[in-house]
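Please read this note beside the sequence and the model.

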Amino acid sequence: MTTSASAPAGSGNSTAGPGTVTDRLVEANERYASAFTDPGMDARPVLHVAVVACMDARLDLHDALGLALGDCHTIRNAGGVVTDDVIRSLTISQRALGTRSVVLIHHTNCGLESLTEEFRHDLEMEVGQRPAWAVEAFRDVDQDVRQSMQRVRTSPFLLHTDDVRGFVFDVKTGLLREVDPA
C-alpha cells in the first residue's frame with residue numbers, strides 16, 4: 001500500500017540532513033504557499049466545536065467528520081486522552097475563542113492499549129529521569145472514552161460541559177461508534 005507519506009525508494013529513514021522527510025515537508029509547504037491565498041478567517045471555529053482525538057496517523061479527522069478549514073479546533077495527543085494539557089487547550093478554546101461543544105474520539109487498535117505505566121519506569125532507567133507525565137495507557141477503549149468525558153464534564157475551568165460526546169473510530173471501517181457516558 002502506498003500513501004502520500006510513503007518514503008521514496010532508497011531514501012532510508014534518516015531524520016536529519018539533506019533529503020529528509022522534514023525536507024520533503026518543507027518543499028511541500030513551498031508548493032502549498034505558492035498557491036495560498038489568505039482565507040480571511042478568524043481563529044474562532046465556525047462550528048464552535050473542539051475535537052479531541054488521538055494523534056494516530058490513520059485518523060483523517062476533517063474527512064471523517066466532514067469538516068472544512070476553520071470549522072473546529074483540533075487537539076490531538078497519544079490516545080486522545082483528556083490530560084491537563086488538553087484541559088488547558090479546551091479552556092482557551094472555550095473561554096477565549098467561543099467553542100461550546102466537545103467531541104472526543106479514541107479509536108480501535110490504539111497503541112496505548114499495548115503500553116503500561118511500566119513505560120515510564122523504562123524511560124527512567126534509560127535516561128535517569130522519571131517523566132512528569134503519565135502514559136495514560138488503557139485496556140478498555142470505551143472506559144477510557146468515558147473517563148475522558150468525565151474529566152471534561154467535571155473540570156472547573158470549562159464553561160460549556162453539557163455538550164460533551166465521546167466516540168470510538170473504527171480504523172478498519174472508518175465509522176464512529178458513540179460511547180454511552182454511563
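**Note on the salt bridges**

1. Glu136 counts as buried, at 18% relative accessibility, where buried means under 20% relative accessible area, exposed over 50%, and partly exposed in between, with a 1.4 Å probe and protein chains only. The model is a predicted one, in which local features need pLDDT of at least 70 and side-chain atom pairs count only at pLDDT 80 or more, while totals for chains, interfaces and linings use all residues. Residues are numbered from 1 along each chain as its sequence is written, and side-chain values use heavy atoms, with hydrogens and water left out.

2. The side chain of Glu136 meets that of Arg151 in a salt bridge, at 3.3 Å from N to O; the term stands for a side-chain nitrogen of Lys or Arg within 4 Å of a carboxyl oxygen of Asp or Glu. Because Arg151 lies in helix 5 (residues 141-154) and Glu136 in the loop between helix 4 (118-127) and helix 5, the pair ties together parts that are 15 residues apart in sequence. Helices are DSSP runs of H or I with at least four residues, strands are runs of E with at least two, and both are numbered from the N terminus. Arg151 is partly exposed, with a relative accessible area of 28%.

3. Glu178 forms a salt bridge with Arg165, with the closest N and O atoms 2.7 Å apart. Glu178 belongs to strand 5 (residues 176-179) and Arg165 to strand 4 (residues 164-169), so this pair ties together parts 13 residues apart in sequence.

4. A search of the whole structure finds seven salt bridges, including one between Asp42 and Arg44, whose closest N and O atoms are 3.9 Å apart. Asp42 is exposed at 52%, whereas Arg44 is partly exposed at 43%.
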